Amino acid sequence: MTNWEQHEQEAAQAIASAATSDALEEVRVRYLGRKSELALALREVRDRESGMLLNGIRQRLETALAEREQRLADEELDRRLREEVIDVTLPGEELPVGHLHPITQVRRMVEDAFLGLGYEVRDDREVETVEYNFDKLAFLPTHSARSPRDTFFFDDTHVLRTETSPSQIHILEEKAPPIYMVSIGRVYRRDAITATRYPIFHQFEGLAVDKGLTLADLKGTLLHVMRQLYGPDRRVRFRTHYFPFTEPSIEPDVSCGICGGAGCRTCKFSGWIEMGGAGMVDPQVFLNVGLDPEEWSGFAFGCGLERTAQLRHDIPDIRALWEGDLRVLRQF
Ligand code: DAH
């Protein structure tokens, strides 16, 4: 065997036994690279015979190298196909996505119900002045809510709002009637925490001001909204009451959904559930915002969102809505 035949055999063997493409590349550099014996020899070639010999060797080695390269690539692909198998029919891993708090759910339902009636939705300040929280709503100077025992005061003139009713004054001062608005947000009262009371809670407050509005419009509006919130079979009734900023004032009740009005524990065996306060806008309120009570009429109402959520979901204790216990909240 000539030296070159031996050299070719050696190279062919190295190619055949290269186990990875990196190893194969090393073999290529060694036997076919620019500084390889073969390349150097080819550069020195002077006669046709040795040229043919060496070129023949180079061509065969290059072919073997290309085949080996392809083979390694195929094996690599096979291996990956075998090892990285994905069964696309397996169920995916479920990611824990949260959901809206029951208060937020109810808030959105209330917004939807009123948007459907063409009301605008607003959200006012929680730090309110005594003027807007009480004075302009015609609270008498002696009203008990003005006491620092009932209400959180920052100083003589600023409070945490005790109700969403100041929104009535804000919108009446901002724009001319007709007005149809619902204001939703947090309110604050100095109550001890019990199953039925919490010092922070939410209210939704409605105000409609137009020409010729009556108690019947108020009743129809509340009936529509209560049916949106609680279902189509609900009825609404009014009881007389007193609020500083409405005249007449009423308390609306909705028929109990648990017993259908027959009487049960939830409705304290009356068949009815209290919804909040309402009434026809007091002429004094119109005067306080510079509107003529002879020209304009209106109705207003305020209800608690916690109460609504509790009734919808049958939650007996208001604290469940404020404690953020996921074992409870995940149920709704
Ligand atoms: N603001 C009253 C409360 O928190 C509820 C209320 C009563 C709102 C009568 C009204 C209304 O808009 O007309 O007890």
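This is a predicted model: local features need pLDDT of at least 70, side-chain atom pairs count only at pLDDT 80 or more; totals for chains, interfaces and linings use all residues.
Figure 1. The shell residues divide into five nonpolar, seven polar and three charged. Ala, Val, Leu, Ile, Met, Phe, Trp, Tyr, Cys and Pro count as nonpolar, Asp, Glu, Lys and Arg as charged, and the others, Gly among them, as polar. Of the 15 residues around the ligand, Glu163, Ser165, Arg189, Gln203 and Glu205 come nearest; a residue is near if one of its heavy atoms lies within 4 Å. Local features need pLDDT of at least 70 and side-chain atom pairs pLDDT 80 or more, while totals for chains, interfaces and linings use all residues. Residues are numbered from 1 along each chain as its sequence is written, and side-chain values use heavy atoms, without hydrogens and water.

Figure 2. Strands E5 (200-210), E9 (276-281) and E10 (297-304) are the elements that give two or more residues to the shell. Strands (E, at least two residues) and helices (H or I, at least four) are DSSP runs, numbered from the N terminus.

**Figure 3. The largest nonpolar core.** This core holds 39 residues. Such a core is a set of buried Ala, Val, Leu, Ile, Met, Phe, Trp, Tyr and Cys residues joined through side-chain atoms within 4.5 Å. Buried means under 20% relative accessible area, exposed over 50%, and partly exposed in between (1.4 Å probe, protein chains only). Val110, Phe114, Phe204, Met226, Phe299 and Phe301 touch the most other members. Among the elements that each supply at least two residues are helix H5 (102-115), helix H8 (215-230) and helix H10 (305-313). H8 gives the most, with six residues.

Figure 4. A salt bridge is a side-chain nitrogen of Lys or Arg within 4 Å of a carboxyl oxygen of Asp or Glu. By this rule the count comes to 22. Asp253 and Arg237 meet at 2.8 Å, N to O. Asp253 is buried at 2%, whereas Arg237 is partly exposed at 30%.

**Figure 5. The salt bridge between Glu120 and Lys175.** The N to O distance is 2.7 Å. Glu120 sits in strand E1 (120-122), and Lys175 in the loop between helix H7 (166-174) and strand E4 (179-188), 55 residues apart. Glu120 is partly exposed at 30% relative accessibility, and Lys175 is partly exposed at 35%.

**Figure 6. Backbone exceptions.** Most residues other than glycine have a negative phi, and most peptide bonds are trans. A cis bond joins Pro177 and Pro178, with omega about 5 degrees. Pro178 is in the loop between H7 and E4. Another cis bond joins Glu247 and Pro248, with omega about -5 degrees; Pro248 lies in strand E7. Ala138 has a positive phi near 65 degrees and is buried at 17%. Lys268 has a positive phi of about 50 degrees and is exposed at 72%.
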